[in-house]
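Please read it alongside the coordinates.

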Amino acid sequence: MKSHIMVVKIKKNIAISESGFVFNPSTGDSFTLNTIGAEILRMLASGKDMDAVSEFIVGTYDVEKSVFERYFLDFISMLRQFQILEEDDER
Amino acid sequence: MTKDRLTVLVSGLNNIDSPGPGIPVIRGLRDSQLIEPRIIGLAYDNLEPGAYMHQLVDKTYKMPYPSDGSDAVMQRIRYIQNIEHADVLIPNFDAELFAFMKSEPVLRSLGIKTFLPTLRQFEERHKANLPDFGEKYDVRVPFSKAYTNFNQLKNLKDDFQFPIVVKGKFYDAFIAKDQIQAEIYFQKIAAKWGLPVVIQEFVYGTEVNVVALGDGKGTTVGAVPMRKQYITDKGKAWGGITLDDSKMLELTYKIIRQTQWRGGMELELIKDAKDDLYLIEINPRLPAWVYLAVGAGQNLPEALVLMAMGKDVSPFKNYEVGKMFIRYSWDMICDLTEFEKIATKGEL
């Protein structure tokens, strides 16, 4: 069976600070992420696809894959809503 | 480097909850590495805070209201010029711009230089003329119409769908959700600013602004886009942040190139859900938040004064993105004698 790999592209100009503060210079919006949120966003910004992020989080933290992916998809839709993602972000 | 000693006349000292641009413009000039300014304030009211800010304003003169006519205004300017020998005048109120633009040759003969838009530029960007402006320069604008008579409002539904924006010719804008609100705001604005009152289609989206400076030959000397982060009940920015938005800058360059804009300007824009920009207003002067541009690396008041003095100014190439301003209020303690001076002698 062919696996479906979902790539989420973070806009290049999005600034993510050490503390998890995210700034979108196109809209002037800023957001505060918790440690895990910031870690996930950094992985996405570095080009990791969703499967790679999921594998890392499930392997590192005490969380079921299905539970994580449900929250992960919510997180992605939130990023889309806040215009953090590139327009054609899904491949 | 030796700084140029220049005497600059500046109005808009009303640094209140809905502030004029005078004090931010003066702060830019005080920050200049090229100019050592002597600032002469022009005030219309005894309680304009700038008149009492002696660290920023060296001397203040009361002015007659622009509604008294150009002659009264120029008579006062002549009196001031005899004492102060000013080099440059920066008017910061929309309502006084017309009188000063009309009197530019007289000002020049007195030795006072300005860097203002031409009368044509000033007229064609009027709120009432915005649809024509949009068509002429291929700029997206919301539909709007000027109303000179209260009875004309009966036919509002023929042209608009609620909500609509009811705007004064110089200042003030209210969002009316129905006919009754539209009529109330019309009367309120007409009483304060006169006619026409402009009714504008409401565009859903985020309000964004650009402060810019044109050299009068089509070149943008500087431009900084900003989004208001919090808006007061008067619709003014409480805080704002500079943006990295090439679309906003391109639109600004296009407008300045096509109109050959001369002087400071503020573009008020709405960015809709598709990221399309609608021009809702052009203010023909530097706005009250211009000090954000100075803080972000573009000292536009300094550049404006230098261009008024006939100097070549290289266009600014960049600015700091994510620079913020937060407006605050500050109670100055003043002696009654100061108030007495400006109230009785018209000078402080």
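This is a predicted model: local features need pLDDT of at least 70, side-chain atom pairs count only at pLDDT 80 or more; totals for chains, interfaces and linings use all residues.

Residues are numbered from 1 along each chain as its sequence is written, chains are lettered from A and ligands numbered from 1 in the order in which they are written, and side-chain values use heavy atoms, with hydrogens and water left out.

**Chains**

- Chain A has three helices and three strands, where helices (H or I, at least four residues) and strands (E, at least two) are DSSP runs numbered from the N terminus.
- The order of elements in chain A, from the N terminus on, is β-β-β-α-α-α.
- Of the 91 residues in chain A, 37% are buried; buried means under 20% relative accessible area, exposed over 50%, and partly exposed in between (1.4 Å probe, protein chains only).
- In chain A, 53% of the contacts with a separation of 6 or more are between residues 24 or more positions apart; a contact means heavy atoms within 4.5 Å.
- Chain B contains 12 helices and 14 strands, and 53% of its 348 residues are buried.
- For contacts in chain B between residues at least 6 apart in sequence, 64% join residues at least 24 apart.
- The C-alpha trace of chain B spans about 60 × 45 × 40 Å along its principal axes.
- The radius of gyration of chain B is 20 Å, which agrees with the value near 20 Å for a compact globule of 348 residues; the radius is taken over C-alpha atoms, and the globule rule is 2.2 Å times the number of residues to the power 0.38.

**Nonpolar cores**

- The largest nonpolar core has 62 residues, of which Ile255(B), Leu269(B) and Leu279(B) touch the most other members; such a core is a set of buried Ala, Val, Leu, Ile, Met, Phe, Trp, Tyr and Cys residues joined through side-chain atoms within 4.5 Å.
- Helix H11 (residues 300-308) of chain B gives the most to this core, namely seven residues.
- Another core, of 21 residues, lies apart from it and includes Leu44(A), Phe68(A), Phe72(A) and Ile84(A).
- Leaving aside neighbours within four places in sequence, Leu279(B) has contacts that include Leu130(B), Phe133(B), Val141(B), Ile255(B) and Leu269(B).

**Pocket and cavities**

- The volume of the second largest pocket is about 970 Å³. On a 1 Å grid over the protein atoms alone, a pocket is an open set of points with protein on both sides within 12 Å along at least five of seven lines, a cavity is a set of points where a 1.4 Å probe fits but cannot get out, and lining residues have an atom within 4 Å of a point. Grid points are joined across faces, edges and corners, and a volume is the space filled by probe spheres set on the points.
- This second largest pocket is lined by 30 residues, and Asn15(B), Arg27(B), Arg327(B), Tyr328(B) and Ser329(B) lie nearest its centre.
- Helix H1 (22-31), strand E11 (237-242), helix H10 (290-295) and strand E14 (324-326) of chain B each give two or more residues to the lining of that pocket.
- The lining of the second largest pocket comprises 19 nonpolar, six polar and five charged residues; Ala, Val, Leu, Ile, Met, Phe, Trp, Tyr, Cys and Pro count as nonpolar, Asp, Glu, Lys and Arg as charged, and the others, Gly among them, as polar.
- The whole structure has two cavities of 30 Å³ or more, and the largest cavity has a volume of about 90 Å³.
- Of the 14 residues lining the largest cavity, Ile90(B), Pro91(B), Phe115(B), Leu116(B) and Leu304(B) lie nearest its centre.
- By class, 10 nonpolar, three polar and one charged residues line the largest cavity.
- The second largest cavity holds about 40 Å³ of space, and its lining has two nonpolar, two polar and five charged residues.

**Local backbone features**

- Most residues other than glycine have a negative phi, and most peptide bonds are trans.
- The peptide bond from Phe162(B) to Pro163(B) is cis, with omega near 0°, and Pro163(B) sits in the loop between helix H7 (156-159) and strand E6 (164-167) of chain B.
- Leu195(B) and Pro196(B) are joined by a cis peptide bond with omega about 0°; Pro196(B) is in the loop between helix H8 (179-193) and strand E8 (197-201) of chain B.
- Asp138(B) has a positive phi near 55° and is exposed, at 59% relative accessible area.
- Gln260(B), also not a glycine, has a positive phi of about 55° and is partly exposed at 34% relative accessibility.
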